[in-house]
Every structure is written in C-alpha cells, then in structure tokens.
Amino acid sequence: MNYLSVENIAKAYGERELFANISFGINEGQKVGFVAKNGTGKTSLLNILSGPDSPDEGNVVYRKDITTAFLPQEPNLDPKLTVEQTIFAADNEILKAIERYEKALQNPDDADAYQKAFEQMEAHQAWDFETTYKQILFKLKLEEMDKLVGELSGGQKKRLALASMILHKPDLIIMDEPTNHLDLDMIEWLEEFFRKENFTIFMVTHDRYFLERVCNEIVELEDGNLYTYKGNYSYYLDKKEDRVSLEQTNTDKAKQLFKKELDWMRRQPKARTTKSKSRIEDFHEIKDRASKRRNDHQVQLEINMERMGNKIVEMHKISKSFEDKQLLNKFDYNFQPGDRLGIIGKNGTGKSTFLNILTGNMEPDSGKVVIGETVKFGYYTQRGIEVKEGQKVIDVIREFGEYIPLKKGRQISAQQLLEKFLFDRKKQYDFVEKLSGGERKRLYLCTVLIQNPNFLILDEPTNDLDIVTLNVLENFLLDFPGNLLVVSHDRYFMDKIVDHLFVFKGNSEIEDFPGNYSDYREYEASAVPEIVQKADPSTEKKEIKKEAKASPGLTYNEQKEYNRLEKEIHNLEKKKEEVQKKFLKDLSGEEIDKTSLELQSVIDEIEKKTERWFELGAKAE
C-alpha cells in the first residue's frame with residue numbers, strides 16, 4: 001500500500017538549486033534512510049514532506065486515510081504545557097483512556113470515576129499499550145510529568161517530542177536526526193524498538209549502526225540524482241561501490257571516445273551534413289560524460305604538529321562536585337603518547353566537566369592537572385562556531401593564516417584546506433550565516449584542525465555531520481599522529497577511531513576499559529554478575545591468610561613460562577596492529593576475507609595466552 005508519492009519535485013533558493021525532478025514513493029512497512037551531503041537539501045526535503053515548506057515544482061501526494069508525524073531536529077513544543085499535557089494533547093482515544101485511568105488512580109475515593117476509567121481501558125484494550133507507554137517514558141527519562149516544557153533542556157525537549165510521536169502511533173513517521181541528544185542506552189533501546197515495531201519510517205540520520213539495524217531501504221541524493229538501494233546500510237555501501245565502479249568504467253570509455261571525436265572536431269569538417277551535425281551534438285554529450293569527476297574526497301594532510309615529549313598530561317586525584325552531586329572523585333590517569341581514548345556514558349555523568357578540567361577551562365575542587373610543555377590542545381566543543389555578520393567561509397580560515405605549514409617544508413593554502421573538507425571554491429565565498437547547521441559544524445572542525453594541535457579533543461563531533469563528511473573526518477583521524485580524546489554517542493565512529501574507553505557510570509565511577517565500544521558492549525553482555533555474601537571481617541581475614549599460606553606459588557618452569565608469555569602477548573599485540581593497518585588499504589573482497597581470518601587467528605592466540613598468563617598470575621599471588 002502506497003503511503004506517499006513524491007512526483008518530480010524541485011527546490012532552489014535564488015540561483016542555488018538544491019535538487020530538481022526528484023521522484024520516489026514510500027510504501028507501508030518501509031523503513032527508509034535518506035543519505036546526502038550537508039547543504040544539498042536534506043532538511044528542505046523533510047520540510048517539504050512534512051508541510052512547513054513546499055516544492056517550487058512537482059507534487060507530494062499522501063494517501064488520504066493515513067496519519068503522519070514529523071520529528072524535527074529542534075522540536076516546536078508549547079512551553080506552557082507540562083510533559084504530561086504534551087503527551088496527552090493528541091486526538092488518540094487509547095491515550096485519552098490511559099490519561100483518565102492514571103487520574104482515577106490518583107483519586108481512589110472516587111469509585112465511580114475509577115470504574116468508568118477501568119471500563120474504558122477494557123473497551124480500548126489499552127492495558128498492553130499502557131505498559132508500552134510507561135516503558136517509553138522510563139527509557140527516555142521523562143519521569144517528571146508535571147514539569148513545564150519551557151523548563152526543559154534541549155535534549156529533554158527532543159526526547160519528549162520523540163516519546164509523544166511514538167505514543168500517538170502514526171502510520172508514517174518522518175524524522176530528522178532522531179538519535180541527537182540521546183545517550184547510548186536510549187539509542188540502542190530506540191533502535192530495537194523501531195526494528196520490531198510495525199512503523200513506516202522515512203528518516204535522516206548520521207548514525208550508521210541505526211541505518212544498518214533499522215532500515216530496509218536507503219535513498220541517496222548525490223549530485224542532484226536520486227539512487228535507491230533495497231537493503232540496509234551494508235547493502236547500500238556494497239551496491240554503491242558497484243555503481244561507482246561502473247560509472248568510472250563508463251567515464252574511462254567516454255574519455256577514449258572523446259579523444260577520437262576531438263580529433264574529428266579539430267579537422268573542422270566543412271560539409272555540415274545532417275549526419276555530421278548529429279555527430280557534433282553527440283560530441284558535446286560525450287565531453288560531458290568524459291569530464292565527469294567523482295567528488296570523493298579523502299583528507300591526506302601531513303600535519304606539521306609540534307613533536308610531543310614524554311610528559312603529555314597527568315591527572316592527579318581530580319575531584320569535582322556541583323552542589324551535592326559528585327562527578328569526579330580522586331581520578332588518576334597519565335596520558336601516554338598516541339593514546340586514542342573514547343569517553344562514553346549517560347548525560348549528566350560528568351563527561352564535559354572532565355574535558356573542561358583537562359583543558360584548563362574549569363578548576364577541580366581538589367587535585368591537579370600537569371600538562372607537558374610541548375602539548376598543544378585542539379578543542380572542538382558542542383557550542384560550534386561563532387558567526388560574525390558579513391563574514392565569508394574563506395575569511396574564517398584566513399584568520400589563522402593564508403597558508404598552513406605541512407611536513408618537509410610544504411604548505412597548503414586556505415582554499416585547498418577547505419576543499420579537503422568539501423567546501424568547493426564557490427561555497428568558500430558564501431556567507432557563514434547562510435550555511436546549514438552541518439556545514440557550520442564542518443567549518444568549525446576545520447578551524448580546530450588547521451591550528452596543528454598535537455592533542456585533539458572532540459566533544460560530540462558527529463552531531464549534524466552527514467555521512468560523507470564523517471568518512472572524511474574518520475580518514476583524517478585514522479592518520480592523526482597525536483593524542484586523541486573523543487566524546488561521542490556515534491557507536492560506528494567510536495568503533496573505528498578509538499581503542500580505549502573511559503566509561504562514565506555516574507556517582508563519580510569511571511571504568512577504564514581497553515577496547516572500543518563494541519568490545520565493551522560484548523564484554524558487558526558476557527559478564528556474569530558475582531553474588532557476594534557479607535562475612536564476618538575477622539573470619540574473612542583468617543580465610544585469606546589460610547589461602548595465602550596454602551598457595552604453592554609457581555614452580556621454576558611455570559615462572560619461566562609466565563615471563564615468556566608476557567613477551568609473546570606483547571609481540572602478538574604488535575602483530576594485531578600491523579594486520580589491522582592492512583584494512584586501511586584498498587583490498588579486494590578475497591584479500592579482506594584473508595586478512596580477516598589472519599586477524600581472528602592473532603586475536604584467538606592473544607586470548608589463549610592471556611588466559612594462561614592470568615591463570616599463572618593468580619597462582620603466584
């Protein structure tokens with residue numbers, strides 16, 4: 001059943017054409033992810049589909065009997081309503097039955113009202129939905145039902161709009177970056193919820209795991225053309241690669257034909273027969289195909305950053321509280337050269353506070369931060385770029401210099417740097433205030449990187465960035481030789497960039513985990529909770545002494561094995577890094593399979609030897 005038809009729509013702002021002659025449809029049960037670069041019309045298309053905007057040409061046709069809901073990046077909610085009033089504001093009979101039942105429970109003395117509310121719950125079969133309703137509010141942390149919307153933070157408003165949309169159970173949902181302002185637990189819950197529930201969805205999101213696990217179709221807008229892929233994100237990547245390869249082959253063929261036709265054109269045939277005129281027209285078409293260039297940028301900047309000394313940053317017994325909420329408690333860590341750390345945790349657990357203390361923007365209550373003399377921070381914050389009236393994109397970069405020094409005495413111009421980050425020459429002379437949200441974030445990121453930091457701190461760098469820009473940023477960071485510290489809710493990004501985590505669990509508890517995000521989730525899933533029984537302290541001490549006395553320790557051969565294992569594990573870890581680097585090269589499918597098997601073999605060997613090493617270590621204690 002067709003829910004929505006988009007027929008030959010076009011949109012332009014002045015001379016700037018976003019798209020033209022775009023057509024597609026959305027059918028019942030489809031979960032469609034829309035992929036495009038920032039500034040090419042994603043938000044404009046969503047606004048056209050949801051109603052605030054209209055196309056310059058073409059039509060958007062909805063099926064008459066369906067209900068739709070739109071989740072924008074910045075929800076427009078009534079600030080005078082409470083959270084509860086916002087949720088129950090819609091014309092939904094099941095929700096109204098739940099509302100009456102909830103109120104009846106608060107007034108147990110009114111037996112008639114309770115009986116009537118109970119009967120309405122029965123009539124609408126609302127009991128299961130009430131369970132879902134409470135689960136959604138709990139998962140999205142919307143327990144303060146009497147709080148005014150005007151008093152909520154931006155993140156709370158986004159979660160409220162999301163909850164309200166889901167609870168109204170529309171036939172078609174249109175969403176713009178639904179995972180923004182959600183912590184990792186919320187994102188994973190929402191991912192699973194949308195995967196199971198029978199919603200029809202059209203959404204823009206930069207969260208590639210979300211696209212992978214929720215969507216069954218990807219629609220891409222590239223260079224004004226629309227491409228449809230009937231599968232999830234992995235399928236899209238695979239088929240897009242095939243399409244790009246085919247286009248390149250056709251372009252190469254067109255170039256050869258172009259050379260041949262160019263020779264003919266240069267001979268300037270005098271007889272302009274019908275056949276020759278047709279050939280001339282064909283020549284111009286071939287020329288267009290031959291000159292087609294794919295705009296797939298990869299950042300390959302050899303940064304001329306200052307070399308780091310042995311002392312990077314030392315954090316000694318750092319504590320920080322706000323009123324009665326303690327975020328950090330005697331935290332210790334010495335950063336090592338080349339550390340690639342990710343920070344994850346729920347909102348409000350102290351992640352941004354930690355970054356501000358690290359960079360000197362906030363003083364700890366106690367403890368000290370010692371920063372090495374050679375350390376130069378580059379700090380990308382969530383605040384973004386400060387827009388100056390009348391300033392152009394190129395002017396923002398030129399404030400840091402006309403040329404940026406690279407290694408071996410080379411340099412790159414401000415214009416060339418902007419091109420690396422997907423700002424073409426025409427876009428460089430646009431006014432900054434006219435840029436989209438994602439383009440401003442990309443420009444701000446550029447201003448941080450060109451200052452040649454050797455310790456890069458990124459606080460939610462992926463918010464509002466499109467997938468193309470994310471790939472550019474990831475390519476840059478994979479080759480970044482300095483220290484890297486990233487706070488992000490983007491699981492795909494974290495898996496690709498970092499190899500070590502600080503997990504902020506709240507109440508000043510910070511877990512130091514050696515691995516990326518997927519490693520940590522796997523570790524959490526496999527961890528078996530230990531049942532610890534309280535014992536009499538004096539008895540506990542006697543037992544410990546008894547065990548220590550009975551411990552046989554290591555034999556001479558076991559001690560030799562223990563020392564040997566340490567060296568072997570160290571060498572295997574180096575080998576693992578070397579194998580992982582192979583994936584950065586352009587590999588064929590067969591080479592990828594072979595390298596994957598090699599990597600798995602090394603990982604298995606590390607785990608086997610590490611298990612034995614722990615076994616001997618426990619025996620030695």
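**Helices, strands and single residues**

Author: In this predicted model, Phe129, Tyr133 and Ile136 of helix α5 meet Ala163, Ile166 and Leu167 of helix α6. The residues of this contact of α5 with α6 divide into six nonpolar, no polar and no charged.

Reader: What makes α5 and α6 roughly antiparallel to each other?

Author: Helix α5 (residues 127-139) and α6 pack at an angle of about 170°, with their axes 10 Å apart. Angles over 145 degrees count as roughly antiparallel, and α5 and α6 are therefore described in that way. As for handedness, α5 passes α6 in a right-handed crossing.

Reader: How do you know whether α6 and α7 are roughly parallel or roughly antiparallel to each other?

Author: The axes of α6 (residues 154-167) and α7 (residues 184-196) come within 14 Å and cross at roughly 15°. The cut-off for roughly parallel is an angle under 35 degrees, and α6 and α7 are therefore roughly parallel to each other. Their crossing is left-handed. On the α6 side the contact is made by Arg159, Leu162, Met165 and Ile166, and on the α7 side by Met186, Leu190, Phe193 and Phe194.

Reader: Why is Lys157 called partly exposed?

Author: Lys157, whose place is in helix α6, has a relative accessible area of 27%. Buried would require a value under 20% and exposed a value over 50%, so Lys157 with its 27% is partly exposed. Leaving aside residues up to four places away in sequence, Lys157 touches Pro75, Leu77, Val149 and Leu152. Of Lys157 and Leu77 it can be said that they are 80 residues apart in sequence and 7.7 Å apart in space, C-alpha to C-alpha.

Reader: What makes β5 and β9 the edges of their sheet?

Author: The open sheet has six strands in the order β5-β6-β7-β3-β8-β9, with mixed pairing. Strands β5 (68-71) and β9 (225-229) each have a single partner strand, so one side of each is left without a neighbour in the sheet. Neighbouring strands of this sheet are turned by 15° against each other on average, direction ignored. Within the sheet, β3 (residues 31-36) and β8 (residues 217-222) pair in the parallel sense over five bridges, and Phe34 stands opposite Val219 in β8. Helix α6 lies across β5 and β6 (172-176), running at about 170° to β5.

Reader: Why is helix α11 described as largely enclosed by the rest of the structure?

Author: Six of the eight residues of α11 (residues 351-358) are buried, so the helix is largely enclosed. The buried residues are Lys351, Thr353, Phe354, Leu355, Ile357 and Leu358. Just after α11, Gly360 takes a positive phi of about 85°.

Reader: What makes the phi of Glu460 worth a remark, and is Glu460 buried or exposed?

Author: Most residues other than glycine have a negative phi. Glu460 is not a glycine, yet its phi is positive, at about 50°. Glu460 is found in the loop between β17 (455-459) and α15 (467-478). Its relative accessible area is 5%, and with the cut-off for buried at under 20%, Glu460 is buried.

Reader: Why is Asn507 called exposed?

Author: Asn507 has a relative accessible area of 75%, and exposed means over 50%, so Asn507 is exposed. Asn507 lies in the loop between β19 (500-506) and β20 (509-513), and its phi is near 55°, a positive value in a residue other than glycine.

Methods. Residues numbered from 1 in each chain as written. Predicted model: local features only at pLDDT ≥ 70, side-chain atom pairs only at ≥ 80, totals over all residues. Heavy atoms only, no water. Axes fitted to C-alpha atoms, helices over the stretch in contact; angles between N-to-C directions. Helix = DSSP H or I, 4+ residues; strand = E, 2+ residues; numbered from the N terminus. Parallel < 35°, antiparallel > 145°, perpendicular 65-115°, else oblique. Left-handed = near helix turned anticlockwise from the far one by under 90°. Contact = heavy atoms within 4.5 Å. Buried < 20%, exposed > 50% of the residue type's maximum accessible area, 1.4 Å probe, protein only. Pairing = 2+ DSSP bridges. Nonpolar A, V, L, I, M, F, W, Y, C, P; charged D, E, K, R; others polar.
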